[in-house]
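Me: I would like to learn how to read a few features of a protein model, one at a time. Could you give the general idea before each case?

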Amino acid sequence: MTGSSKSVKKAIEEAQNKQFEELDLQDKGISTLVDFPQLMQLRDLTILTLSHNRLQKIPDAISNLTSLENLNLFNNELEMLPTTLCNLPKLKFLNCGINKLKELPKGFGACPQLEVLDLTYNELNDNSFPGNFFYLAPLRALYLGDNEFEVLPPAIKNLTNLQVLVVRDNDLISIPKEMGELTKLKELHIQNNRLQVLPVEIGSLDLINPKHVFRADNNPWIQEIADQLVLGTSHVLNYLKSDGYKRRYQEHLDQKRPPPPKKERAKTLKKKK
């Protein structure tokens, strides 16, 4: 057993003996959790940090950690997540940023308490979500930046408690009009995509508030939207509600032009070596 493995085992044993609620195992060179079966018996854990390791898989036994509220898997090599993950009854925060995920497991939308989900910098696309994903009713923050989405489904409207949506640095060619039904949205990040127009309904979102955030730069917008962006968020959102834009938007749709071509994008996050 390496020195790193010994230190991990010692930390797990100490957490077990003293009934710790938090365990930080970040940057320990861990490539598999099979070597540490005791970890899956820490039923008092509420926070588990496994970021900056080399994990390729999370065991199904993760569901044993029934007190877990915060699971940090940031910067690993995960290609999939276990279906048992959403059996965790108290899980509220899940960070899977900087991994190799191509899809989410079936039934993922059944996570009963999940509030914040970070999937930044993976390999997700339009077909990566299971059918029930958008029934994550408690979800208030969804981070999907640096992936490969071209469209978002109309079912996104079912995330009725969503306050933060980040879809920057994808390949989005359209935004569904149903997004305008996300009445609690306070932050919308759609910069660095392939968007030319926005649905009229986006103008009804409360993003003009100075405390709220709307980022839409670096898209190939039609000139009218580009001009309003220069003036500021309020100008864009007010323009979307105007009769002039409604006509211009319909004209754009009627033209049925092909979407702008994909461009090589330098991903904004760097993997830790």
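Me: Which residues touch the most other members in the largest nonpolar core?

Reply: This is a predicted model, in which local features need pLDDT of at least 70 and side-chain atom pairs count only at pLDDT 80 or more, while totals for chains, interfaces and linings use all residues. Residues are numbered from 1 along each chain as its sequence is written, and side-chain values use heavy atoms, with hydrogens and water left out. In soluble globular proteins, nonpolar side chains tend to be buried together. A nonpolar core is a set of buried Ala, Val, Leu, Ile, Met, Phe, Trp, Tyr and Cys residues joined through side-chain atoms within 4.5 Å, where buried means under 20% relative accessible area, exposed over 50% and partly exposed in between, with a 1.4 Å probe and protein chains only. Here the largest such core has 76 residues, and Leu39, Leu94, Phe108, Ile190 and Tyr245 touch the most other members.

Me: Which helix gives the most to this core?

Reply: Helices (H or I, at least four residues) and strands (E, at least two) are DSSP runs, numbered from the N terminus. Helix 1 (3-17), helix 3 (233-240) and helix 4 each supply at least two residues of the core, and helix 3 gives the most, with four residues.

Me: How many disulfides does a search of the whole structure find, and where do the linked cysteines lie?

Reply: A disulfide is a pair of cysteine sulfur atoms within 2.5 Å. The search finds one, formed by Cys86 and Cys111 with their sulfur atoms 1.5 Å apart, and the link is left-handed, with -45 degrees about the S-S bond. The pair links distant parts of the chain, 25 residues apart, since Cys86 is in the loop between strand 3 and strand 4 and Cys111 in the loop between strand 4 and strand 5 (116-118). Cys96 is in no disulfide, and the nearest cysteine sulfur, that of Cys111, is 10 Å away.

Me: Is Cys96 buried or exposed?

Reply: Cys96 has a relative accessible area of 0%, and therefore counts as buried.
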